[in-house]
Amino acid sequence: MEDNSNRMGLAPLLGAAELARYLGVPVQTIYDWRVNGRGPRAYRVGKHLRFSAADVNAWLEARHERGASETGRKCRHR
């Protein structure tokens, strides 16, 4: 079956299970984050949640931690 989203110029949408696999977390974590307002933005399509790849990327970027090299500090190991 051909994916019509690219042909129509639409970004692909991920289901909760696909997002959980991508992030390496249990599906229940995706639903917990959503209930607590901590997860990426989602669309409700019928009874299903769908996540835009762009929204997931933006959500991840907002949670990016700055490493020692980005802050100009040296990393000290004990």
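Mentor: Begin with exposure: a residue is buried under 20% relative accessible area, exposed over 50%, and partly exposed in between. The model is predicted, and the values I quote are computed from it.

Trainee: How does A58 of helix 4 count on that scale?

Mentor: A58 lies in helix 4, and its relative accessibility is 48%, so it counts as partly exposed because the value falls between the two cut-offs. The C-alpha atom of A58 is separated by 9.6 Å from that of R41, 17 residues away along the chain.

Trainee: What share of the residues of the protein chain count as buried?

Mentor: Of its 78 residues, 21% count as buried. The chain exposes about 6500 Å², and carbon and sulfur atoms supply 50% of that area.

Trainee: How many helices and strands does the protein chain have, and in which order do the elements run?

Mentor: There are five helices and three strands. Read from the N terminus, the order is α-β-α-α-β-β-α-α. As for contacts between residues with a separation of 6 or more, 39% of them join residues 24 or more positions apart.

Trainee: In what order do the three strands lie in the sheet?

Mentor: The sheet is open, its strand order is 1-3-2, and the pairing is antiparallel. Strand 1 (13–15) and strand 2 (43–45) are at the edges; each has a single partner strand, so one side of each lacks a neighbour in the sheet. Direction ignored, neighbouring strands are turned against each other by 45 degrees on average.

Trainee: How many bridges hold each pairing?

Mentor: Strand 1 and strand 3 pair over three bridges in the antiparallel sense. For strand 2 and strand 3 (residues 48–52), the pairing is antiparallel and also runs over three bridges.

Trainee: Which residue takes a positive phi in the hairpin of strand 2 and strand 3?

Mentor: The hairpin has two residues between the strands, and G46 takes a positive phi near 65 degrees there.

Trainee: What about side chains along a strand?

Mentor: In a regular strand, side chains alternate between the two faces of the sheet. S52 counts as buried because its relative accessibility is 9%, under the 20% cut-off. Apart from neighbours within four places in sequence, S52 is in contact with P12, L13 and Y43.

Trainee: Where is P12 found, and is P12 buried or partly exposed?

Mentor: P12 is found in the loop between helix 1 (4–7) and strand 1. Its relative accessible area is 41%, so P12 is partly exposed. The C-alpha atoms of P12 and A53 are separated by 6.7 Å, although the two residues are 41 residues apart along the chain.

Trainee: Which helix packs on the sheet, and which strands does that helix touch?

Mentor: Helix 2 (residues 16–23) packs on the sheet and touches strand 1 and strand 3. The direction of helix 2 makes about 90 degrees with that of strand 1.

Trainee: At what angle do the axes of helix 2 and helix 4 cross?

Mentor: They cross at roughly 40 degrees and come within 13 Å. The crossing is right-handed. Helix 2 makes the contact with L19, Y22 and L23, and helix 4 with V56, W59 and L60.

Trainee: How is a pair of aromatic rings described?

Mentor: Two quantities are used: the distance of the centres and the angle of the planes. A search of the whole structure finds one aromatic pair. It consists of W33 and W59, with ring centres 5.2 Å apart and planes at 45 degrees, so the pair is tilted. W33 is in helix 3 (residues 27–35) and W59 in helix 4 (residues 53–62), 26 residues apart, so the pair links distant parts of the chain.

Trainee: Are W33 and W59 buried or exposed?

Mentor: W33 is buried, with a relative accessible area of 17%. W59 counts as buried at 11% relative accessibility.

Key
Residues numbered from 1 in each chain as written. Predicted model: local features only at pLDDT ≥ 70, side-chain atom pairs only at ≥ 80, totals over all residues. Heavy atoms only, no water. Phe/Tyr/Trp six-rings, centres within 6.5 Å; stacked < 30°, edge-to-face > 60°. Helix = DSSP H or I, 4+ residues; strand = E, 2+ residues; numbered from the N terminus. Buried < 20%, exposed > 50% of the residue type's maximum accessible area, 1.4 Å probe, protein only. Contact = heavy atoms within 4.5 Å. Areas by Shrake-Rupley, 256 points an atom, 1.4 Å probe, with all protein chains shown as cover. Pairing = 2+ DSSP bridges. Axes fitted to C-alpha atoms, helices over the stretch in contact; angles between N-to-C directions. Left-handed = near helix turned anticlockwise from the far one by under 90°.
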